[in-house]
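Subject: A structure for you to look through

Hi there,

Here is the structure I promised to pass on to you. Have a look at it first, and then read my notes below with the model open beside them.

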Amino acid sequence: MKLSKRLDLIEPSMTLAVTAKAAELKAAGIDVVSFGAGEPDFDTPVHIKEAAKRALDAGATKYTNVAGTPELRKAVAQWFAKDHGIEVTPKQVMVNVGAKHSIFNALHAVLDEGDEVILPAPYWVSYSEIVKMAGGVPVPVVSTAADRFVVKAENIAKAITPKTKMILINSPSNPTGQIYPESALRAIADLVVKHDLWLLTDDIYRYLCYGDAKFVQPATFGPEVRKRTIIVDGVSKAYAMTGWRIGFTCAPEDVIEAMSTIQGQSTTNAAAVSQAAALAAITGPQDEVETMRLAFDKRRLLMVRLLNDIPGVKCLAPDGAFYAFPDVSSFNGRKTPSGVVIKDDLVLCDYLINEGKIAVVPGSAFYAPGFVRLSYATSEANIEKGLARMKDALSKLI
Ligand code: PLP
């Protein structure tokens, strides 16, 4: 039996593969420290779980409206309005099955075959694959560590063609942790208006900003930008709710209607009980979000210090999310004790997991060879143990 040709286009997620390999080794009794996970190690706050239990008893066991329960849509509209200082109506928002699904629906709602989507690189693994699934063509535009991984608007401008339909921004970024400053966003927003493009902003990490870095939502720049902006957000990362599968989209009404049509013929609504939990998350006490953010901040500083302590490793301090993205290109060309040449970050990551017993994700997965991504959504003890292993394993490369 033959499978669909569509699969030839799509790469499986390398981050999920690394996490799965680490889990497999752990199941075989091998002590692996995993920095692969893209999810908080904290449990969902108790008050959210309690709200979900109460909702189940009150009958949150049925289909809901495709775009979400009226209570949650209203609360999400108010949440966006309050956080960004813009007016948002419930008809301009919808609830999806995770932020990944919000992106999937949004791209299917606006892309035609052959439309180009500009992806500032390094970028999250799923963007390019979802663009291709929606018939589009991913167009990476690279940035460098010297630019703090903020892609220059002039480089985006050079990549714009008559086929360009969208620019997709992710700030704070997975994998780099960097936050786009307002000036950079304004320059990108100008291009969006000038060339009449869509701007999709994936804001899933916006609650996780550290130090002086500030998240800025481009839709606040004025009506011309606002009417072209599709905001993707959710509860997965800030509220430690990855398994509940709830994402939010805020966009012009016609986009929300189109996305609802697509969702109505695929997943229907997000799980009723998860919607009740998300309602409790965004309307209830926010102190645990801050407690988790402070814990991530401490781990961030520890991880960056320990990484920069390793000869040959250079790491910028990330401003947000929970990833460090060090440059490990200085190890290219060296040899492992068993004689394997480290030809790139993929071989290096294989060596680190097999010999060093630490799992990190190759930068190549994010269109950034020569780098690796480490998640600090793990305990300080694990960070210390794993980075001691990394230092030791890297010191054996000759
Ligand atoms: N966007 C980015 C940048 C992510 O890193 C992730 C998860 O890793 C998602 C979206 C997906 O979020 P969700 O779990 O809500 O689908």
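Let's begin with Q263, which belongs to helix α10, the stretch covering residues 253–264. Please keep in mind throughout that this is a predicted model. Is Q263 buried or exposed? Its relative accessible area is 0%, and because buried means under 20%, Q263 counts as buried. What does the side chain of Q263 touch? It makes a polar contact with the side chain of N96, at 2.9 Å.

V150 gives you another pair to look up. You will find V150 in the loop between β4 and α7, and it is buried, with a relative accessible area of 13%. From V150 to S173 you count 23 residues along the sequence, while the C-alpha to C-alpha distance is 9.7 Å.

The loop that holds V150 also holds F149; here β4 spans 137–142 and α7 spans 153–159. F149 is not a glycine, but its phi is positive, at about 60°. With a relative accessibility of 7%, F149 is buried as well.

R245 also has a positive phi without being a glycine, and the value is near 60°. This residue is in the loop between β7 and β8, where β8 is residues 247–250. Is R245 buried or partly exposed? At 33% relative accessibility it counts as partly exposed, because that class runs between the 20% limit for buried and the 50% limit for exposed.

R245 leads us to the ligand. One of the polar atoms in the side chain of R245 is 2.8 Å from an oxygen atom of the ligand. For K237, the distance from a side-chain N or O atom to a ligand oxygen is 2.6 Å, and for N174 the corresponding distance is 2.7 Å. On its own the ligand would expose 400 Å², and the protein buries 92% of that.

Which residues come nearest to the ligand? There are 13 residues around it, and the nearest are N174, D202, Y205, S236 and K237. Sorted by class, this shell consists of five nonpolar, four polar and four charged residues. As for where the ligand is, it sits in the largest pocket.

The peptide bond that joins N174 to P175 is cis, with omega at about 25°. P175 itself is in the loop between β5 (164–170) and α8 (182–194).

Where else can you see a cis peptide bond? Look at A121 and P122, which are joined by one with an omega of about 0°. P122 is part of the loop between β3, residues 116–121, and α6.

That takes us to helix α6 itself. Why is α6 described as largely enclosed by the rest of the structure? The helix covers residues 125–133, and seven of its nine residues are buried, so the rest of the structure largely encloses it. The buried ones are V125, S126, Y127, S128, E129, I130 and V131. Just past the end of α6 comes G135, whose phi is positive at about 90°.

One last stop is R228, in the loop between α9 (223–226) and β7 (229–234). Is this arginine buried or exposed? Its relative accessible area is 10%, so R228 is buried. The side chain of R228 has a polar contact of 2.9 Å with the side chain of D196.

- Start at Q263 and find its side-chain polar contact with N96.
- Go on to F149 and check its positive phi.
- Visit the ligand in the largest pocket.
- Compare the cis bond at N174 and P175 with the cis bond at A121 and P122.
- Finish at R228 and its contact with D196.

Do write back with any questions once you have had a look around.

Best wishes

Terms used: Residues numbered from 1 in each chain as written. Predicted model: local features only at pLDDT ≥ 70, side-chain atom pairs only at ≥ 80, totals over all residues. Heavy atoms only, no water. Near = heavy atom within 4 Å. Polar contact = N/O pair within 3.5 Å; in protein donor to acceptor, adjacent residues only side chain to side chain. Areas by Shrake-Rupley, 256 points an atom, 1.4 Å probe, with all protein chains shown as cover. 1 Å grid on protein atoms, 1.4 Å probe; cavity = no way out; pocket = protein on both sides within 12 Å on 5 of 7 lines; lining within 4 Å. Sits in = over half its atoms within 2 Å of the grid points. Nonpolar A, V, L, I, M, F, W, Y, C, P; charged D, E, K, R; others polar. Helix = DSSP H or I, 4+ residues; strand = E, 2+ residues; numbered from the N terminus. Buried < 20%, exposed > 50% of the residue type's maximum accessible area, 1.4 Å probe, protein only.
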